[in-house]
Amino acid sequence: MQRAKGKGKDNVDKWWISRPLRQIQTNLREIDMLDIDAQQVVADLQAFKATSLLLNTSGIIASYPTKLPFHYQSLFLKGDSLSDIIAACHEADIAVIARTDFSKVRRPIYEQHPEWAYVSPEGKIVDYNGDVHVCVNGDYQQKYALEIIKETLTTLDLDGIMFNAGGFQFRDYSDNYYGICHCMNCKRKFSEQFGLTLPKAEDMNDPIFRKYEIFKKRVTQAHGKMVYDLVQSIRPNLLISGSKLQRSVLRQESYTEIHYALPHWQYSASDNTKFAVSSYSPMISANSSTEFIGIHYRHVAVSPHQQALRLAQNLANGGGLDYYIMGRLDNHKDKSGFESVKKMFHYHAQQESDYMNLSSNATIAVLTGPHADRDRIRDVNREEFRGWFRFLVEDHFLFDTLMMDAALELPWTKYKAVIVPDYQRISDDLAKKLNDYAFAGGIVISTSRTAFRGDNYDLRDAPVLKCLGVEQFHYVRSDMTSSYFNLDHKEEFGRFVQADLIYMDGNYVYAEYNENVEKYFSLIPPHHYGPPERAYYSNVTDYPGFTVHPFGKGKGIYIPWEPGALYHRQGHTNTIDFIADLLEGVAGLERVGGNLSQMVEVTLFEQKEKQFQLLHLVNGTGHFGVTYFAPVTLSDMEVSIPCTHEPSAVRGLVTGKDYSFKVQDGALTIQIPKLELFEAIKIVNGQLYN
């Protein structure tokens with residue numbers, strides 16, 4: 001594995017495709033450039049066995065000598081230059097990716113170009129400690145940033161570029177919200193497209209705001225295409241991190257924030273990696289474990305066990321390794337996670353060939369959309385999606401997650417079921433694909449308000465998912481506390497031998513169904529819950545807990561409430577047992593067998609050209625409440641997956657040991673004596689194992 005060196009490398013075609021990803025991001029502070037040493041940078045990266053470095057170069061502050069008058073020059077360039085650092089990295093076969101940020105300018109630049117700034121509905125700018133927010137529709141991002149990009153790429157011998165925090169930014173670093181931008185450029189462009197004035201507030205019930213959502217999407221897509229074309233014109237084979245046009249590397253972050261709602265998402269790395277790998281092939285997933293506690297505390301690390309768990313989840317779901325710190329490696333103030341991260345990086349370096357060109361063997365797909373913590377969700381119920389993610393992980397169903405913007409273009413033939421968890425905005429084309437998929441023999445499982453809105457965000461007049469058998473949605477009731485479902489069908493619900501009720505809270509959709517729909521369970525609407533003498537119900541309705549509708553060769557299953565959101569919020573086994581029985585008993589879906597704890601995540605990938613499968617087990621027992629400790633070592637485990645013929649070898653890549661196994665009745669059963677943080681079990685066909 002050799003990276004082509006020097007500016008002549010532009011003729012190398014997509015160098016990142018065949019290169020193992022072990023990336024470290026050092027967000028350099030201005031003061032880090034005072035005494036930075038290129039050889040020390042390389043030595044620190046080599047200690048981790050990193051293959052690429054992501055570091056800041058340009059945008060808010062120029063970390064190299066710039067000739068552009070409105071590119072704020074760092075005053076601290078006393079140590080080795082970025083050019084020296086890049087050259088030293090290249091000599092050590094380490095790729096270098098530029099981090100840029102064009103979301104803000106320093107106050108002196110704003111004073112010369114106030115027309116570049118974001119403007120609140122009240123006519124105010126956002127000045128955060130001397131950094132002024134600029135609007136994506138202003139000439140700074142539309143024109144001047146392109147000059148900075150051009151200078152960066154012609155001055156520095158870079159291998160890639162990443163654009164941070166672009167687009168519409170309505171919040172500052174303290175998470176203060178300022179509202180929709182009302183700069184003159186936004187006003188003009190919105191009026192030109194829709195003949196309307198900008199909405200004052202974000203309100204999905206406002207038809208003008210729904211058009212504004214379309215406006216934002218158009219603006220960001222056009223801007224991304226413009227930047228992509230510019231980079232391609234300068235360096236055709238430069239990696240553009242995050243560019244879906246180029247299908248290069250999709251970089252995301254697993255992180256915490258001190259003021260965000262708890263609990264922190266324990267499957268953050270699995271979630272980010274899974275949808276990147278499932279949706280945007282052949283893009284490489286670079287989900288970064290953000291080391292620090294939050295932007296308010298950038299110099300103290302989260303638990304080293306949390307960082308190791310994130311990296312294990314990355315690998316288990318088909319991604320690379322990425323680690324992100326504030327400042328330099330050598331002068332970092334909290335190195336408590338370094339050894340845990342090094343251990344994961346070193347393991348990957350030893351086994352990197354086994355992690356190349358993998359494809360998922362999942363048979364279930366979950367549709368999803370953007371749901372980062374800082375997003376203001378419009379049409380994605382993040383909690384409902386995360387609850388379904390937990391259902392599937394914790395009951396050991398193998399699944400992929402497909403982003404809505406990619407789902408139309410992806411084949412679904414390998415999936416036995418597609419789950420749509422309360423995703424409100426479904427285009428007509430995607431609705432047709434869901435209907436066609438069910439008609440051809442697939443199973444569509446949908447919850448709550450799925451497809452209530454069209455691609456333009458407007459509410460539909462009638463149901464569009466014909467596979468569900470819903471004739472009309474009447475209304476959504478949200479005050480459902482103290483509601484239940486009476487289990488009047490228990491044949492397929494073996495986990496409820498000693499229970500007759502499923503509890504519910506949150507939204508319930510009252511609907512009318514066609515005559516072919518089979519209704520399961522009976523809604524018990526809110527009733528008295530106190531005093532104890534009156535805590536009983538007497539009203540059992542005909543409204544269902546879920547429905548099944550035969551459709552062509554397949555069927556649609558509709559759950560008119562939100563079990564995922566309820567489970568994510570409360571976590572009671574009453575809810576996950578309901579979903580497990582529904583998936584197995586009603587939908588007929590198979591999960592991984594054996595005696596694994598529900599705190600062990602299971603994934604299965606295949607490398608076809610070398611004829612082996614990679615079965616990952618990730619031990620999540622260290623997650624306790626809101627803290628991440630070392631995982632408890634698990635013993636005497638058994639895992640069973642479908643198998644057509646006996647493998648030639650079954651070996652653990654982490655332990656280096658061969659595992660006992662047997663093939664019987666179409667299943668491969670593997671005995672695992674001990675599991676610490678994770679194991680990757682290589683299941684080899686033929687005689688290719690060595």
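**Exercise 1. Which residues of helix 13 are buried?**

Step 1: get your bearings. Residues are numbered from 1 along each chain as its sequence is written. This is a predicted model: local features need pLDDT of at least 70, side-chain atom pairs count only at pLDDT 80 or more, totals for chains, interfaces and linings use all residues, and side-chain values use heavy atoms, with hydrogens and water left out.

Step 2: sort out the terms. Buried means under 20% relative accessible area, exposed over 50%, and partly exposed in between (1.4 Å probe, protein chains only). Helices (H or I, at least four residues) and strands (E, at least two) are DSSP runs, numbered from the N terminus.

Step 3: list them. The buried ones are Pro563, Gly564, Ala565, Leu566, Tyr567 and His568. That makes 6 of the 8 residues in helix 13 (residues 563-570), so this helix is largely enclosed by the rest of the structure.

**Exercise 2. Find what helix 13 packs against, and what follows it.**

Step 1: its buried residues pack against helix 10 (382-394), strand 21 (501-504), strand 26 (554-559) and helix 14 (573-586).

Step 2: after helix 13 comes Gly571, with a positive phi near 75°.

**Exercise 3. Check the confidence.**

The chain's mean pLDDT (the predictor's confidence in each residue, from 0 to 100) is 94, and 96% of its residues reach 70 or more. Over residues 1-11, though, pLDDT is below 50.

Technical notes
Contact means heavy atoms within 4.5 Å.
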